[in-house]
Amino acid sequence: LPSGIDVLNPYSDSQVQFLVNSFCEKFYSTNRPRILMVGINPGRKGGGLTGIPFTDTFALNESCGLSTDLPQSRE
């Protein structure tokens with residue numbers, strides 16, 4: 001990569017792996033129909049931190065009911 005460009009890979013963090021697993025079990029463990037929403041939000045305070053697209057740590061706690069020790073942020 002060019003100088004000054006870094007890769008965000010939140011999935012290498014064990015806490016993020018736990019959060020993504022917990023999120024998927026909580027919201028995707030039924031056979032209800034779903035709509036797939038594809039987009040990009042790799043921001044360092046949102047999906048780039050939590051591993052869950054479009055979800056910062058504040059929304060993860062307040063809207064999803066999943067708490068974390070990751071730095072609290074709002075995007």
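Student: Where should I look to see what the side chain of threonine 68 does with the backbone of leucine 70?

Tutor: Look at the backbone nitrogen of leucine 70: a polar atom of the threonine 68 side chain lies 3.0 Å from that nitrogen. Keep in mind that this is a predicted model.

Student: Which side chain does threonine 68 join through a polar contact?

Tutor: Glutamine 15. The two side chains come within 2.8 Å in a polar contact.

Student: Is threonine 68 buried or exposed?

Tutor: Read the relative accessibility against the cut-off. Buried means under 20%. Threonine 68 has 13%, so this residue counts as buried.

Student: Where does threonine 68 sit in the chain, and which residues does it touch?

Tutor: Threonine 68 belongs to the segment that follows helix H3 (57-62). Leaving out residues up to four places away in sequence, threonine 68 touches Gln15, Leu19, Thr57 and Leu60.

Student: Now the overall fold. How many helices and strands are there?

Tutor: Three helices and zero strands. From the N terminus, the order reads α-α-α. The C-alpha trace spans about 45 × 25 × 20 Å along its principal axes.

Student: How much of the chain is buried?

Tutor: 29% of the 75 residues.

Student: How do I read contacts along the sequence?

Tutor: Take the contacts with a separation of 6 or more. Residues 24 or more positions apart account for 50% of them.

Student: Which residues form the largest nonpolar core?

Tutor: The general idea comes first. In soluble globular proteins, nonpolar side chains tend to be buried together. Here the largest nonpolar core has nine residues: Val16, Leu19, Phe23, Leu49, Ile52, Leu60, Cys64, Leu66 and Leu70. Helix H1 (residues 14-28) gives the most, with three residues.

Student: Take one core member, leucine 66. What does leucine 66 touch?

Tutor: Again, residues up to four places away in sequence are not counted. Leucine 66 then touches Leu19, Ser22, Phe23, Lys26, Leu60 and Asn61.

Student: How do I find empty space?

Tutor: Rolling a probe the size of a water molecule over the atoms shows where empty space is left. In this model, the largest pocket holds about 330 Å³ of space.

Student: What classes make up the lining of the largest pocket?

Tutor: Sort the lining by class: 11 residues are nonpolar, three are polar and one is charged.

Definitions and conventions. Residues are numbered from 1 along each chain as its sequence is written. This is a predicted model: local features need pLDDT of at least 70, side-chain atom pairs count only at pLDDT 80 or more; totals for chains, interfaces and linings use all residues. Side-chain values use heavy atoms; hydrogens and water are left out. A nonpolar core is a set of buried Ala, Val, Leu, Ile, Met, Phe, Trp, Tyr and Cys residues joined through side-chain atoms within 4.5 Å. Buried means under 20% relative accessible area, exposed over 50%, partly exposed in between (1.4 Å probe, protein chains only). Helices (H or I, at least four residues) and strands (E, at least two) are DSSP runs, numbered from the N terminus. Contact means heavy atoms within 4.5 Å. On a 1 Å grid over the protein atoms alone, a cavity is a set of points where a 1.4 Å probe fits but cannot get out, and a pocket is an open set with protein on both sides within 12 Å along at least five of seven lines; lining residues have an atom within 4 Å of a point. Grid points are joined across faces, edges and corners, and a volume is the space filled by probe spheres set on the points. Ala, Val, Leu, Ile, Met, Phe, Trp, Tyr, Cys and Pro count as nonpolar, Asp, Glu, Lys and Arg as charged, and the others, Gly among them, as polar. A polar contact is a pair of N or O atoms within 3.5 Å; within protein, one must be able to donate a hydrogen and the other to accept it, and residues adjacent in sequence count only if both atoms are side-chain atoms.
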